[in-house]
Every structure is written in C-alpha cells, then in structure tokens.
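This briefing concerns selected side-chain and helix contacts. Please consult the sequence and structure below alongside the text.

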Amino acid sequence: MDFVRGFWRKHRRKVLVTAGCLGSGYLLYKLYNSHTRRLADLERELAHERENDEIIKTQMKAHFESIQMIVDSTTLPHAMQFLSIRISEEIDVSHVMDRLNQGKGMLSPPEKLQLWDELKILSFTRMVLSLWSVTMLSLYIRVQVNILGRHLYVDTARALGSSHLLCTLLISSPTSYFSGKLTGCSVKNFSRLPFKATAACPEEVDLIDRDDEQKFLSSADFLVTNAMPSLISDMQGSAEEVLKGKQLKDVITTRVLQETVMQIVDVFMSTGSPHHWVDYLMMPQDTKLSRTTSDSSDEAVSKFHQLMVETREVLISTEFTNIVEISLKCFTDVLVEEMETQTEAGGLATGKPLAKVLPQIEKTMNVITAEPSKNRFLQIIRDLPEVKLFFTLLYANMPQ
C-alpha cells in the first residue's frame, strides 16, 4: 500500500496526463465515428433522392409528351372538323361564283365588277380567317391541355404520397421537370381519371371538380359556337381595308400575296384594344372574378373560373403573343409556297392577275383546315423551336 501511495505521489501528474490523453482520444474517436455514420446516412439519403428525382423527371417527361400526343390525336381533329364545317357554312362563295358563271353575257359591266369584287373580299376573308383560326385554336388547345395535364399530374403525385418531393422539384428545378399519367387519355375521358389537381403544392389546394374540368375542356368550342359571326365580320373589315386599292388586273406574285395576307392579319390583330383577339377564343373575362380569383381563396369561385383566368393570363402574356406572331408568319409563308408549287411553271413566281389567283385561293380551304395528321401547316407550327420551348416552359412553370 505504501508502494502504491508512493508511486501515486511520484507519478500522479503523468498518470493524470496519460488518462486525459486516453480519454480525449476515445472521445475524439467516438465523435469521428458518429460523424462518419451521419455522412454515410446523408449520402445514402441524397442518393435515394437523386434516384427519385430521376424517376419523377422521367415520368413527367413521358407525361408531357403524352399530352402533346393527346392534342394531336384526339382534341385537335375534333376541333378542326368542327371549325372547317362552320367556316364553310358561314362564308360561302359558291353563290357568287355561280352568278358569275351563269351570268356570262347577261351581266352588265358594273354588275360583273361588283360580283368579282365581292368574290375577292370573300375569298381573302375565308383564307385568312381559316389560317388565323386554325393557328390560334391549335395553340389555345395546347395551352388548355398542358395546364390541365400538369394539374392532373400534381394531384397524381399527391395521391401517390410523393407530394413533398414533387413540390421540392417544382421549386428547385422546374425546367427539368416533366411527367406521366395521361397516356391514352382523350378529352372525353379526362373527367374519368381518378386524379385531379391544381397548380399549387397539393397540400394547400382543393381538388378540381369533375364538372369544372369537363367544362374547362369544352370551352375550346367557344370560337366556333359563339365568336364566329363577330370574327368573320371583323376579319372581313380588315380584308376590305387592305384590298380596297387592289384591282382584279393587278399582278400578284408570291411576295405580294404573302405581304397581303400578313397585312390583313396585322390590321385584324391591331384593331381594337390590346389582346382583343383573346375574346374570340374564350368568353370575355369578368374583372371582378379575376380579382377574386387572384386575391382570395373563396370557395364560391369555381375551379373552372380559376382555370379560365389562368388560361387568359397565359394568352395575354408577351411570350404567347410572340409565338402567335411566329406561327402566323410561318403558316403564311408555307401556305403561299405551297400555292406556288400547285400553279403552272412561272405562275405566282412571275406573277398572275388577281382575278386568276382567286380560284387558287379558294382551293386552299381544304388544305388549311385538314385534319392534324394530314395538316402540314399544323405539324410545322408544332415543331417550331419557339413553340416547343414555350409549351415546355408552360408545363414546367405553371403559376403557383
């Protein structure tokens, strides 16, 4: 015992220092081991999240592509057929052509001139109105289906329990985010899908009512069922303004025809209040409703009206106006080029009298309003880089 006490008195300092070093080392080892385990767990979590991110991105990419297929295979064919029939019924030039053919040698020069002038106005009105309507209706329907399609995917994610990850992706990397649950769906059976959603994160919103959903999709018929008479009247007024100085004997070349069509479009688009043409595509907006929708979560405001307000905001955006201008210009150029190829050698390229161009203009009606699978113009517009980018960003960056 004396030996132990002596040893302690003699080596106490060394023992304490050694014990402190050993204790500190053990503590550091435990801390390092704990930190290493946390890092490993974090790396596994990040790897799992990256895997989930890739899965959802792949699903959304497939969903986005399926939405575009729905537009081309189901929605547009119905709309184009309805539009073609309505335009043919509302703007009929056959009676004018019949009077000209049957009245040969019987009509006085003033009567004949008046009929030719009427044919000129009606022919250009019908061609430009068809061109404008087909372009705008195709773009409008794509806006609608992309808006509703993304709503549906958001709610699908909610139903599958991945809403937190979905919201994270929407906030952190929206432009890389595409989807996948609408394959094989048509406009008629959108309402039968079990999943419905809105634009905000799923935990914060109510579901879209099935009737509102169907009503929203059916509103694409507004142009044909409600707005056609006023559209024809305004388009005819624009055609009369542009064509009033053109005589039947005036030589029309490819360039002159392109410029004439675009002038009619420009006059029509610029007449009236800014974005007045939106009212041909959808019912006029109630400003009180717009304020209520944007400033309040009042349940009295239906999801249908919220979707319509959201759609209108897209249509009056600068980005949409830009792709409208690009699409109309592209459509016009391709149409005139096709008309040139259909004429005899040296036709529009060298110039033809306006009177001889009118019958050729009449032949464009069936080409312009052909079903989407056979409509070269719609396919070209769909594949324009600017149009593709617009709908990609619309789908990925829908207002939250």
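Is Arg126 buried or exposed? With a relative accessible area of 11%, Arg126 is buried (buried means under 20% relative accessible area, exposed over 50%, and partly exposed in between, with a 1.4 Å probe and protein chains only). The model is predicted, so local features need pLDDT of at least 70 and side-chain atom pairs count only at pLDDT 80 or more, while totals for chains, interfaces and linings use all residues. Residues are numbered from 1 along each chain as its sequence is written, and side-chain values use heavy atoms, with hydrogens and water left out.

**Salt bridges**

- The count comes to 8 salt bridges, each being a side-chain nitrogen of Lys or Arg within 4 Å of a carboxyl oxygen of Asp or Glu.
- One of them joins Glu362 to Arg126, with the closest N and O atoms 2.6 Å apart.
- Because Glu362 lies in helix 12 and Arg126 in helix 3, this pair ties together parts that are 236 residues apart in sequence (helices are DSSP runs of H or I with at least four residues, numbered from the N terminus).
- Glu362 is buried, at 12% relative accessible area.
- Asp117 and Lys120 form another salt bridge, with closest N and O atoms 2.9 Å apart; being 3 residues apart in helix 3 (residues 109-159), they are separated by about one helical turn.
- Lys120 is buried at 4%, whereas Asp117 is partly exposed at 37%.
- Glu90 and Arg86 also meet in a salt bridge (3.1 Å, N to O), and they stand 4 residues apart in helix 1 (residues 2-90), about one helical turn.
- Arg86 is buried at 16%, while Glu90 is partly exposed at 37%.

**Helix 12**

- Gln360 belongs to helix 12 (residues 354-362) and counts as buried at 10% relative accessibility.
- A polar atom of the Gln360 side chain lies 2.5 Å from the backbone oxygen of Met339.

**Helix 5 and helix 10**

- The axes of helix 5 (residues 210-218) and helix 10 (residues 303-315) come within 8 Å and cross at roughly 35° (axes are lines fitted to C-alpha atoms over the stretch in contact, and angles run from 0 to 180 degrees between N-to-C directions).
- Asp212, Lys215 and Phe216 of helix 5 make the contact with Lys303, Phe304, Leu307, Met308 and Thr311 of helix 10, where contact means heavy atoms within 4.5 Å.

**A loop residue**

- His275, in the loop between helix 7 (254-270) and helix 8 (278-281), has phi near 60°, a positive value in a residue other than glycine.
- His275 counts as partly exposed, at 29% relative accessibility.

Terms used
Helix = DSSP H or I, 4+ residues; strand = E, 2+ residues; numbered from the N terminus. Polar contact = N/O pair within 3.5 Å; in protein donor to acceptor, adjacent residues only side chain to side chain.
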